[in-house]
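Hi everyone, thanks for having me. Let's take a look at this one together.

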Amino acid sequence: QVQFVESGGGLVLPGGSLRLSCAASESLFRLFAMGWYRQASGKQRELVAAITSGFNTWYADSVKGRFTISRDNARNTLSLQMNSLKPEDTSVYYCNFQANPRTWGQGTQVTASS
């Protein structure tokens, strides 16, 4: 069963940047659309960015123009470059398949606060 390990989170000032990484345990990663999700305390998990196997991208309106999703199929890795972070971006971030998500990893905490 595929597993995902997220890393790269941290505490930043509003306006700062972070780059998240996700390592997938299986090479079938490259065949499917992938997504970055986030879940703030007390809220439902939401999809914020996705990328197809053909590298087409989609972004939620709340992050469009600030976040960039990318993938490296040779290394089974997914990345999320986050710029101009806002306090409302504070969440635990997860990666998973964009359709039919599988078992969730532990995620990585992102906190944008002064």
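Let me start with two cysteines: Cys-22 and Cys-95 are both buried, where buried means under 20% relative accessible area, exposed over 50%, and partly exposed in between, with a 1.4 Å probe and protein chains only. Before we go on, this is a predicted model: local features need pLDDT of at least 70, side-chain atom pairs count only at pLDDT 80 or more, and totals for chains, interfaces and linings use all residues. Residues are numbered from 1 along each chain as its sequence is written, and side-chain values use heavy atoms, with hydrogens and water left out.

So what joins Cys-22 to Cys-95? A disulfide does, with 1.8 Å from S to S; the cut-off is a pair of cysteine sulfur atoms within 2.5 Å. Cys-22 sits in strand β3 and Cys-95 in strand β9, so the bond ties together parts that are 73 residues apart in sequence. Strands here are DSSP runs of E, at least two residues, numbered from the N terminus.

Now for the rings. How many aromatic pairs does the structure hold? There are 4, counting Phe, Tyr and Trp (its six-membered ring) with centres within 6.5 Å; planes under 30 degrees apart are stacked, over 60 edge-to-face, and the rest tilted. One of them is Phe-32 with Phe-97, edge-to-face at 5.5 Å centre to centre and 75° between the planes. Phe-32 is partly exposed at 40% relative accessibility, whereas Phe-97 is buried at 4%. Together with Phe-4, Phe-32 and Phe-97 form one aromatic cluster.

Definitions and conventions:
Helix = DSSP H or I, 4+ residues; strand = E, 2+ residues; numbered from the N terminus.
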